[in-house]
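This briefing sets out selected features of the structure shown below. The points are grouped by topic.

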Amino acid sequence: MIRDPEHEKMPRKDLEQLQLERLQAKVRVVYEKVPFYRQAFKEKGVTPDDIQTLSDLTKLPFTSKLDFRDNYPFGLMAVPHDQVVRIHSSSGTTGKPIIAPYTQGDIDTWSEIMARTLAAGGATKDDVIQNAYGYGLFTGGLGFHYGAERLGASVIPTSGGNTKRQILLLQDLETTVITCTPSYALILDETAKDMGIDLRDTKLRLGFMGAEPWSEQMRGDIEERLGILAINIYGLTEIIGPGVSVECPYKCGMHIAEDHFLVEVINPETGEQLPYGEEGELVITTLTKEAQPVIRFRTKDIVSLNPEPCDCGRTLVRMSRVTGRSDDMLIVRGVNVFPSQIESVLLAIEGVEPHYMIVVDRQHVFKSDELEIWVEVSEEVFSDEMLKMENLEQRLREEMDSVLGISAHIKLVEPKTIARTEGKAKRVVDRSEL
Ligand code: DLL
């Protein structure tokens with residue numbers, strides 16, 4: 001049913017040989033078909049013939065989000081327009097959106113990767129998969145949809161939003177697997193509780209959550225509230241969408257689909273490749289993408305790689321949780337912090353809800369002297385006496401100080417006051433946006 005299942009457990013030597021052959025072929029294609037790459041290769045003084053081993057990858061130039069913008073909309077495409085069967089796009093924070101065209105071959109490959117991804121996390125053809133990722137230009141909805149169908153499961157294409165209806169369908173259609181962002185999983189739980197429903201009493205057993213950074217503490221919280229195993233899944237529009245990597249039920253890093261994606265971790269300042277285990281920026285080269293192959297794409301996502309074989313038997317390298325995006329990093333009085341670190345401190349404390357917002361002054365780009373964190377407190381704490389609130393505030397301040405080495409103003413807010421989003425949560429806001 002799933003194509004190439006043996007690739008997941010291939011001896012490293014054979015996998016690397018496969019990667020090299022695919023890399024050599026792809027490098028030749030982009031050199032011949034995409035003027036942008038030919039020019040970038042020329043500037044580096046490299047030709048496809050220089051790629052003799054996998055370590056020759058470092059001879060190739062990087063590609064960045066900016067290159068996508070500069071070549072908007074179709075300048076990075078390697079096939080004629082009549083071979084494109086679908087186009088996705090992601091909004092991007094500034095300027096032009098990222099355009100992601102797919103051939104029929106790409107859609108087939110992606111569906112296979114996503115079927116394998118769902119299977120790796122423990123889903124089977126007997127599952128009822130409720131897909132609450134947004135359908136449309138976002139790759140989440142259709143990416144999961146095609147993968148779930150390819151797996152042979154039943155898909156309920158709810159898309160995001162209309163949460164009450166989601167809960168009814170989830171109950172009545174006996175959904176076993178939910179796919180959504182971690183922040184939407186919390187909204188589902190909250191809405192269900194308002195309706196007098198405990199999601200732990202439903203058939204739900206598994207969730208595939210990604211598209212935004214989330215902490216291990218957040219996972220624990222979601223698993224407890226929904227009564228599920230929550231699997232982390234990673235991907236991005238520029239590369240394919242969801243499916244670049246996924247956890248197996250051992251939950252110790254996301255296995256990268258290395259037969260399709262060649263990964264490196266680099267020092268974001270120098271561009272130098274870092275050894276396994278060190279944290280840095282993830283760089284991805286697509287090995288099988290047809291419409292828009294990408295060479296050494298700088299994701300800005302900060303991760304580390306683990307090459308140890310996993311207890312599940314997969315030989316695929318695992319990537320850590322994304323600690324944050326290099327452009328999301330806050331510098332508070334000289335200390336580097338990622339929102340997800342703040343999240344793990346908050347969620348380790350009793351009485352705090354997993355809804356929070358980090359308020360910064362972005363006048364000096366990402367440097368902020370004043371860090372303010374708004375945190376929702378639980379109903380119990382909120383309805384209790386003032387002293388308890390003050391103690392909680394003090395405890396949060398101290399924890400933040402001792403764990404992250406930064407002091408922050410903590411503002412405790414009433415339950416349900418922080419805005420809920422159906423897709424990706426916005427954790428960091430500029431004071432001017434309030
Ligand atoms: O978010 C694709 C996706 C859909 C992944 C559904 C997983 C599930 P983009 O909108 O292009 O694509 O956003 C990509 O989101 O560079 C990361 O910064 C972040 N991201 C994605 N997955 C994770 C994750 C989709 N599991 C950007 N953990 C990436 C942390 C993630 N960050």
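In which order do the 4 strands of the open sheet with mixed pairing stand? The order is E21-E20-E18-E22. The model is predicted, so local features need pLDDT of at least 70 and side-chain atom pairs count only at pLDDT 80 or more, while totals for chains, interfaces and linings use all residues. Residues are numbered from 1 along each chain as its sequence is written, and side-chain values use heavy atoms, with hydrogens and water left out.

- Helices (H or I, at least four residues) and strands (E, at least two) are DSSP runs numbered from the N terminus, and two strands pair if DSSP finds at least two bridges between them.
- Strand E21 (409–413) and strand E22 (428–430) are the edge strands; each has a single partner strand, so one side of each lacks a neighbour in the sheet.
- From one strand to the next, the twist averages 30°.
- Strand E18 (residues 352–360) pairs with strand E20 (residues 372–377) in the antiparallel sense over 5 bridges, and Met357 stands opposite Trp374 in E20.
- Helix H9 (residues 339–347) lies across E18, E20 and E22 and runs at about 145° to E18; axes are lines fitted to C-alpha atoms, for helices over the stretch in contact, and angles run from 0 to 180 degrees between N-to-C directions.

**Antiparallel sheet**

- A further open sheet of 4 strands, with antiparallel pairing, has the order E10-E11-E12-E15.
- Its edges are strand E10 (261–266) and strand E15 (324–325), each with a single partner strand, so one side of each is left without a neighbour in the sheet.
- E10 and strand E11 (residues 280–286) run antiparallel and are joined by 6 bridges; Glu264 stands opposite Val283 in E11.

**Helix pairs**

- The axes of helix H1 (residues 12–33) and helix H2 (residues 35–44) come within 5 Å and cross at roughly 105°.
- H1 is therefore roughly perpendicular to H2 (angles under 35 degrees count as roughly parallel, over 145 as roughly antiparallel, 65 to 115 as roughly perpendicular and the rest as oblique).
- Val27, Val30, Tyr31, Glu32 and Lys33 of H1 make the contact with Pro35, Tyr37, Arg38 and Phe41 of H2, where contact means heavy atoms within 4.5 Å.
- The residues of this contact divide into 6 nonpolar, no polar and 3 charged (Ala, Val, Leu, Ile, Met, Phe, Trp, Tyr, Cys and Pro count as nonpolar, Asp, Glu, Lys and Arg as charged, and the others, Gly among them, as polar).
- Helix H6 (residues 163–172) packs against helix H7 (residues 182–194) at an angle of about 80°, with the axes 9 Å apart; H6 and H7 are therefore roughly perpendicular to each other.
- In H6, Thr163, Lys164, Gln166 and Ile167 meet Tyr184, Ile187, Leu188, Thr191 and Ala192 in H7, and the residues of this contact comprise 5 nonpolar, 3 polar and 1 charged.

- The 13 residues of helix H5 (residues 139–151) should span 18 Å at 1.5 Å a residue, and the end C-alpha atoms are 18 Å apart, which agrees; the expected span is 1.5 Å times one less than the number of residues.
- Buried residues in H5 include Phe144, His145, Ala148 and Leu151, where buried means under 20% relative accessible area, exposed over 50% and partly exposed in between (1.4 Å probe, protein chains only).
- Just after H5, Gly152 takes a positive phi of about 95°.
- Ser111, found in helix H4 (residues 104–120), is buried, with a relative accessible area of 2%.
- Not counting residues up to four places away in sequence, Ser111 touches Tyr146, Gly147 and Arg150.
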